[in-house]
Each structure stands twice: as structure tokens, then as C-alpha cells.
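Here are some brief notes for a colleague meeting this structure.

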Amino acid sequence: MGSLIRVLVLLAFLFPVLVDCAVRHYKFDVVMKNTTRLCSSKPIVTVNGKFPGPTLYAREDDTVLVRVVNHVKYNVSIHWHGVRQLRTGWADGPAYITQCPIPTGQSYVYNFTITGQRGTLLWHAHILWLRSTVHGAIVILPKRGVPYPFPKPHKEAVVVLGEWWKSDTEAVINEALKSGLAPNVSDAHTINGHPGRISSCPSQRGFTLAVENGKTYLLRLINAALNEELFFKIAGHKLTVVEVDATYVKPFKIDTVVIAPGQTTNVLLSAGQSSGKYLVAASPFMDAPVAVDNLTATATVHYSGTLANTPTTLTAPPPKNATAVANNFINSLRALNSKQFPALVPQTIDHNLYFTVGLGINPCPTCKAGNGSRLVASINNVTFTMPTTALLQAHFFNISGVFTTDFPANPPHKFNYSGTPPTNLQTKTGTKVFRLAYNSTVQLVLQDTGIIAPENHPVHLHGFNFFTVGKGLGNYNPKTDPQNFNLVDPVERNTIGVPAGGWVAIRFHADNP
């Protein structure tokens, strides 16, 4: 026994990284679950019968194996949103991009290592509209013995923001595709799966966060909504922002957070009130003439010792078009940029890309509701055509005819992007990619257009984090705007909201084939 202990100690000394890193196993059963919200019930697609789904816990440098078993009638795939997937692209999850989806009755094991990341991310279905209910949190703890770069909280809580439709969400998107019109907006927003109290459904309850006076709580906020940027605030309390998209930021206090679909934000809540109940509100942010779900989701912060019949201290959500409130949060974000967590911003650029992001109208003879036309999205006037063979598979096995490599680096048609749109609103369709050289540096300017209407567009880059070096209203000016770029401590993210009628510039290092 003594010799065995000596061998184990020697192994731990020689291979400390192997001993410290764990292999974490999860099983995700994709099943239908009858669920009641807004006083009506419907079957929804879930993981393990939960909405939101189970939280996946790991530490930095752990290996994670998730066996996903598909028990529903839809094809399924799961995306680990924000996980870098260094050299494990097969495990990223978007259907027909990095993998074929999992058919009914089949399973697939996602196998990836979380390298150099710690914080809050999310997982969600990445096919059809299944992610409306198939989503959950990823909590990546620091390596053992490595503290947070902020005061250690008393407790942590995951807070998932979402949307709820009374109708079957697959029917909602299918009807939109059939009609050629935009899909119906949701019927409610949710906080941890619950809309909170609403007048049309008095029995509807909301999420409650129990706190104790004098304690500090780390709230891991996740926007798992399909379409809408959301404001988040708590009555009577300021929030200290310490992290976004699993990257640390310089801490700052604020009363209202704005968070786009796919983004995460970690905040410290100091329970500084002596007692009471305080309203938590999640409401839409949309500063353009675009339809949104106007219902505010509510929850409650409940201090210990407070009686159940104590009146709740209320807060008014910002107006949905409160651009100044949103910018107050966005403009406060700066990378921590410490010795331990530096901001490695590319200072020189190999690829300089300019992508217009917006809408278009294409012919659709069967779209009667759309008068023979279909509303489409496009980037640089290209509307993506989903392949039937996964792009990574086609690349790896050198299968021709699946995609072309002629995605334009710049808009093929120049016009006043944030002003009067062109008369021809038709887009080109295709399965096009843009090739980057390995280890090259990339600057990408994302420009909103006023075609149909200006709109904030959340854009997520798979496999990479990027630095948000600049943003502005109107059209990007390549001569003058770079003079104001922050190349010292810009916020590092994996998902960015392109502002309505404006642009945002990001930089990243193409180090992950």
C-alpha cells in the first residue's frame, strides 16, 4: 500500500495537470414534456424534461462528454455557445455546419475540452426553432485554487432569460416560411422559465431568489431568447458587472443591464436592504420600428425573514426604445486587461472585412400571404442556403459541390446603408464561405442596413472570442472611424449586437481551424 501511495504522489508531481483536470460526463435525453404557462398547456421539446434545461458544470481545462439521445420526432443538435472548441469543431453543434443532426432514436457524444475559459456560457439546440425551449447554462469554474478577480460571493445563481409562445414554436417558424412574412413575436418573456405574475393569468407565478441581508450573490445572467435584446434590473439595488461572455471586465456598478440573445453577463448583487421583497424585471430593448413582445417578465428578490404578504418594492422597466440606457451599459464595458487576464488585441490586420447585415425580399410564388414574395435575411446581400451535407464534413473529406469559397469580403452593391435603401431588394442565395489563413488576424466591421427597417442584429462567432474595438451610428467610415478604436482594453465577447442604423467593429485571431 505504501509503495502504491508513493507511485501516486510521484505521478501527481510529474503530471499535475492531468490529475487536476476532470472528465465530466452528462446525459441529455431530448424528450417532450407537457408544460403550462400563461394558463395554457402544450407539449415542448426539452432536455431531461426541464425548462430551462440542466446546468452543465465544469472547471477550466476539464474535458466534457455529453451523450445526447434524441427521443423526439425532430432532428436535433446541441451547440455549446461560446466554448472555443479548439480543434474539436465536430463537437460545436450547428446542424449541417459542423455535423449532421441527430435523427430520431439515435444518439451522439459531444467530446470537448474547455481550454483557457472560465465563466458563464450557454448551450442550446442549433436546428429549426428548437432552442426556444432546448437551452440551459454552462458554468465554468476557475481552476482549483484560482480565485475570482473580484470578492468571492456568498452564493451563486443562474438566471436564464427567455421567450414563451403559446403556440408550438415549430408551427410559428413553419408558418412564417410558408407565408413569406416575419414570424409572430412571442407571447411572454421568462426568467428561469417563468413569466411572473400577469393580469391575464392570476395563477401564474414567477422565480424567487432568496437572499440574506449583508451577503453578496453572483448572478449568472443568460439571454436564451430567440430574437430580442433584453433589459434586466432589480428594484432598489445596483448591480456590479464583473464578466460578459465568460471574459472578465473591469467592475462597474449600474442599475440596468442590456443583454442580447446568446450573450451572458455576470453581476454581483449586494443584499444591502434590511428586509423586503424586490421586483426583478426583464423587458425588451428595440430602438427601431420592429414588432417585439412587450410583456415584461418578473421575478422576486426575497430577503430572509420577510413575510410572504409583504408588498413588493416595484421598479419600472426602461422604455423599449431606451437607446441611452442600453449605451450606458455597453459603453461601460472594458476588458479587465490584468497581468493574469490580458487583452491580447490584434494590433495589425491581415484580413479587413466589411459585412452589411440586414433584410431583403426575394420572389416566392407559393407565398400567398407575402404576395408572392418572401422576407429574408442577408449578409453582403447573400442569403444563406442550408446544405444537406455538413460544411465541416465536406471540407474534411474534400466533398465538392457543397459550398463555394466566394463569399464577398465587402458589399457587392454600395449604397447609403443606413439611409434610403436601393429599389431592388432582392438578394443572392448560396452556400458561400470566406476562407481565412491560419493564424491570421481579422478585422470585421458589421454594418446594419435600413432595408425594410433598421434593426439591432445579434451576431455570434463560433469557435472564437473577439474584441469589440469600435461602434457608431450611420455608415462606417474606414478613414476616420479607426482613429477612435480602443486597441488597449476593448471588451472581449463571442456575441455582439449590431446597433440599429449603425455599425460595430471586431477583431480576432484566426487560431482555431
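1. The centres of domain 1 and domain 2, taken over C-alpha atoms, are 22 Å apart. This is a predicted model. In the contact, domain 1 takes part with 27 residues and domain 2 with 38 residues.

2. The chain's domain assignment places domain 1 at 23-141 and domain 2 at 155-332.

3. How much area do domain 1 and domain 2 bury between them? The value is about 2900 Å². Carbon and sulfur atoms carry 67% of it. On the domain 1 side, Leu38, Thr120 and Trp129 lose the most area to domain 2. Together these residues give 30% of what that side buries.

4. How many salt bridges are there between domain 1 and domain 2? The count is zero.

5. Rolling a probe the size of a water molecule over the atoms shows where empty space is left. Searching the whole structure turns up one cavity of 30 Å³ or more. The largest cavity has a volume of about 60 Å³.

6. Which residues line the largest cavity? Val159, Ile191, Phe207, Leu209, Leu219, Phe232, Ile234, Val280, Ala299, Thr300 and Val301 do. By class, 10 of the lining residues are nonpolar, one is polar and none is charged.

7. β13 (229-234) and β19 (297-303) each supply at least two residues of the lining of the largest cavity. β19 gives the most, with three residues.

Conventions
Residues numbered from 1 in each chain as written. Predicted model: local features only at pLDDT ≥ 70, side-chain atom pairs only at ≥ 80, totals over all residues. Heavy atoms only, no water. 1 Å grid on protein atoms, 1.4 Å probe; cavity = no way out; pocket = protein on both sides within 12 Å on 5 of 7 lines; lining within 4 Å. Points joined across faces, edges and corners; volume = space filled by probe spheres on them. Helix = DSSP H or I, 4+ residues; strand = E, 2+ residues; numbered from the N terminus. Nonpolar A, V, L, I, M, F, W, Y, C, P; charged D, E, K, R; others polar. Domains from an automatic or database assignment. Contact = heavy atoms within 4.5 Å. Buried area = accessible area lost by both parts, 1.4 Å probe. Salt bridge = Lys/Arg side-chain N within 4 Å of Asp/Glu carboxyl O.
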